Amino acid sequence: MKTGMVLEGGAMRGMYTAGVLDVMMENQMEVDGVVGVSAGAVFGCNYKSKQIGRVIRYNTKYCSDERYVSLKSLIKTGDLYGAEFCYNELPNHLDPFDVKTYQENPIDFYVTCTDVHTGQPVYHLCSRGDAEDIQWMRASASMPLVSRVVSVGGYDLLDGGISDSIPVRWFYKQGYDKMIVILTQPEGYRKKPNRILPVFKLFLRKYPAVAEAMERRHRNYNGSLRAVKKLEEMGKVFLVQPSEPITIGRTEKDPEKLRAVYELGRRDAAARLPEMKKFLAPDGLK
């Protein structure tokens with residue numbers, strides 16, 4: 001039996017996930033594999049590198065830095081979140097990503113991306129945490145309209161949330177039959193059709209498959225939620241999601257608001273820690 005973890009994205013709502021993961025790391029709670037989508041990928045990789053506090057640290061420090069995220073960066077480079085700063089300067093110099101620990105940790109870490117030519121999800125095992133893996137993580141978090149297409153591994157990719165926001169069904173098929181699923185939306189949330197779909201179709205006319213994927217995204221997302229609930233009823237999923245709505249924007253620049261979301265994740269995880277430990281315990285040792 002393999003234990004796994006599925007990490008939804010949501011841009012800066014990912015601070016919630018960071019809070020949950022830090023509490024898990026502080027309590028030496030480990031799984032066999034993780035799959036992250038978008039923010040779940042770029043923040044979740046710190047679980048494998050065992051860097052408690054890194055996500056909240058660099059986000060609160062650099063959230064107002066125009067090199068990190070800004071309209072200026074979008075106009076100048078084509079990326080709202082500056083690729084050079086976020087995926088080179090930051091992990092290699094300003095707040096180093098622990099590649100050595102990442103490589104030595106046996107946990108498998110996957111990211112989900114979207115192939116811009118087919119509109120289908122691409123799942124990739126990031127085993128090295130090196131520059132190429134960082135590009136896979138970047139691709140997973142590259143939101144349409146505000147990011148350039150990322151070419152890596154023979155694919156042209158964008159945000160994994162376009163095609164599979166909660167890859168619980170895929171992960172279950174990989175043999176992970178006990179999964180902690182961390183969502184960044186509260187109980188009762190259902191995704192609605194995208195109101196600016198005509199804008200996506202206009203600006204993504206070079207990639208019609210992506211526009212089509214965006215058009216069906218709400219149905220896929222809500223279908224994944226139903227799958228999560230079904231697996232939860234079967235005892236295969238332990239669901240963690242915000243105990244109250246998260247209202248920060250996708251590019252929140254207020255460090256205190258980011259920290260508040262992070263602390264919500266910590267509180268929710270701490271409150272359910274005994275349940276999570278019991279869920280992950282080998283059968284017969286509960």
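I began with Asp164, which sits in the loop between strand 6 (155-159) and helix 8 (168-173); helices (H or I, at least four residues) and strands (E, at least two) are DSSP runs, numbered from the N terminus. I noted that this is a predicted model, in which local features need pLDDT of at least 70 and side-chain atom pairs count only at pLDDT 80 or more, while totals for chains, interfaces and linings use all residues. Residues are numbered from 1 along each chain as its sequence is written, and side-chain values use heavy atoms, with hydrogens and water left out.

**Entry 1: Asp164**

I then saw that the side chains of Asp164 and Tyr123 are joined by a polar contact of 2.6 Å. Such a contact is a pair of N or O atoms within 3.5 Å; within protein, one must be able to donate a hydrogen and the other to accept it, and residues adjacent in sequence count only if both atoms are side-chain atoms. Leaving aside residues up to four places away in sequence, Asp164 touches (heavy atoms within 4.5 Å) several residues, among them Val37, Trp170 and Ser224.

**Entry 2: Asp115**

Asp115 belongs to strand 3 (residues 108-115), and this residue too is buried without a salt bridge, with Arg216, the nearest side chain of opposite charge, 11 Å away. A polar atom of the Asp115 side chain lies 2.8 Å from the backbone nitrogen of His117. Strand 3 and strand 6 run antiparallel and are joined by three bridges, where pairing requires at least two DSSP bridges, and Asp115 stands opposite Leu157 in strand 6.

**Entry 3: the cores**

Which residues have the most contacts inside the largest nonpolar core? I found Met5 and Ile180, in a core of 67 residues. A nonpolar core is a set of buried Ala, Val, Leu, Ile, Met, Phe, Trp, Tyr and Cys residues joined through side-chain atoms within 4.5 Å. Helix 1 (residues 14-26) gives the largest share of this core, eight residues. A second, separate core has 18 residues, including Ile166 and Tyr176.

Note on methods
Buried < 20%, exposed > 50% of the residue type's maximum accessible area, 1.4 Å probe, protein only. Lys, Arg positive; Asp, Glu negative; His and termini not counted. Salt bridge = Lys/Arg side-chain N within 4 Å of Asp/Glu carboxyl O.
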